[in-house]
Amino acid sequence: MSRANQAKLDLSALRHNLAHARTLAPASRVMCVVKANGYGHGAVEVATALDPLTDALAVACIEEALELRENGITSPIMLLEGCFESEELVIAAEHNFWVMIDNQRQLEWLEQTRLPAPVTCWLKINTGMHRLGVSPGDAAAFHQRLLDNDNTHGEIVTCTHFACADELDNPMTSDQLQQFAKVTEALPGPRSAANSAGVLAWPHSHYDWIRPGYMLYGNSPLKTTHPNTTGLRPVMTLESAVISVREIETGETVGYGANWTAQRPSRIATVSIGYGDGYPRMAANGTPVLVKGKRAPLAGRVSMDMITVDVTDLDEVNIGDRVVLWGKDLPVAEIAQRADTIGYELTTRMPARTPRVIVER
Ligand SMILES: *Cc1c(COP(=O)(O)O)cnc(C)c1O
């Protein structure tokens, strides 16, 4: 038998989560974000499931967009960071990729390049994230130049991105929304602001297009519980199996650095998954895993290929028993918190070494 590690994918959950986003924002069109290999789930698999249901898809760069087109995806695909050189505009025009205009350089490329067809453009406005986007004072001029340009197709969508929408009590989101409303008030065309946190918790951010990513994979980006997150179903369940079980005495230690010490006679199960398989090395002692569906705490440092778990309180544990690291009944965000990171990073960093297996179409 081979190593039991699998990232099981439930694509019906993905479709369910998209439907949930539509229920929350019924008047908005949806751009499903599948960048970074579909947040580690597998971009082609995810995009294929979403293609007939979404209004558009979004990726970070043209290589990611081309991979989807080469695999039969027909929806418009947004390049969220825009083009990195003018030649990419030609490819975008040929493949119905939509482009974000973030700065002067990208605008000039659009004005100066001969394109085989016009492209759909979104204009990113910086309302406080200070990462990408034109400043509010420049937005109207950019917007007009885009409208005047023969290389652009139809309406210009104005958009912005939130810095703190995952924190429900942070005033920054309202500030950003206010700023965005003010800047775009006089500009014609649709608007877009909401990422997953916006879709879930900031109804005023929904506007004409929502841009959910993380929530589609069934996880909540919100720092606190919220009624709108209970309808989400995790798409990825990371599984492994017990490969060894042993009894140790009080005072004996487990693993590299001997950083876990038995406080009582203990039973330790070794599970064949480690940081080389996408389980975070930073996960602290006590991080829960599910052994045969029951919670048991991590005991000892995460190795490259293995972890060790204190199963003293479980009835019976045997070699071959199924272990769930995250997914249904164990939110990835909870594991991420114990590893001082966010669930986004854990799924996105899932290495190719761990096979993705579609269990529900
Ligand atoms: C990644 C991204 C999103 C999606 O964010 P989530 O928090 O995953 O929903 C939306 N908009 C832009 C511009 C992004 O870069």
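Let's start with how H1 passes H3: in this predicted model, the crossing is right-handed. Helix H1 covers residues 11-24 and helix H3 covers residues 43-50, and their axes come within 10 Å and cross at roughly 55°. The two helices are therefore oblique to each other. If you want to find the contact on your screen, look on H1 for Leu-11, Leu-14, Arg-15 and Leu-18. Their partners on H3 are Glu-45, Val-46, Ala-49 and Leu-50.

Now please move along to H7, residues 136-148. This helix has 13 residues and reaches 19 Å from its first C-alpha to its last, close to the 18 Å expected at 1.5 Å a residue. Which residues of H7 are buried? They are Ala-139, Phe-142, His-143 and Leu-146. Looking down the axis of H7, those buried residues fall within an arc of 105°, so they line one face of the helix. As a reminder, an α-helix has 3.6 residues a turn, so residues three or four places apart point the same way. On the other side of H7, you'll see Gly-137 and Asp-148 exposed. And what do the buried residues of H7 pack against? Strands E5, E6 and E7, together with helices H6 and H8.

Last stop, helix H5, residues 87-95. Here Glu-88, Leu-89, Ala-92 and Ala-93 are buried. Down the axis of H5, the buried residues fall within an arc of 140°, so they too line one face of their helix. They pack against helix H4, E5 and H6.

Methods:
Residues numbered from 1 in each chain as written. Predicted model: local features only at pLDDT ≥ 70, side-chain atom pairs only at ≥ 80, totals over all residues. Heavy atoms only, no water. Helix = DSSP H or I, 4+ residues; strand = E, 2+ residues; numbered from the N terminus. Expected span 1.5 Å × (residues − 1). Buried < 20%, exposed > 50% of the residue type's maximum accessible area, 1.4 Å probe, protein only. Arc of directions from axis to C-beta. Contact = heavy atoms within 4.5 Å. Axes fitted to C-alpha atoms, helices over the stretch in contact; angles between N-to-C directions. Parallel < 35°, antiparallel > 145°, perpendicular 65-115°, else oblique. Left-handed = near helix turned anticlockwise from the far one by under 90°.
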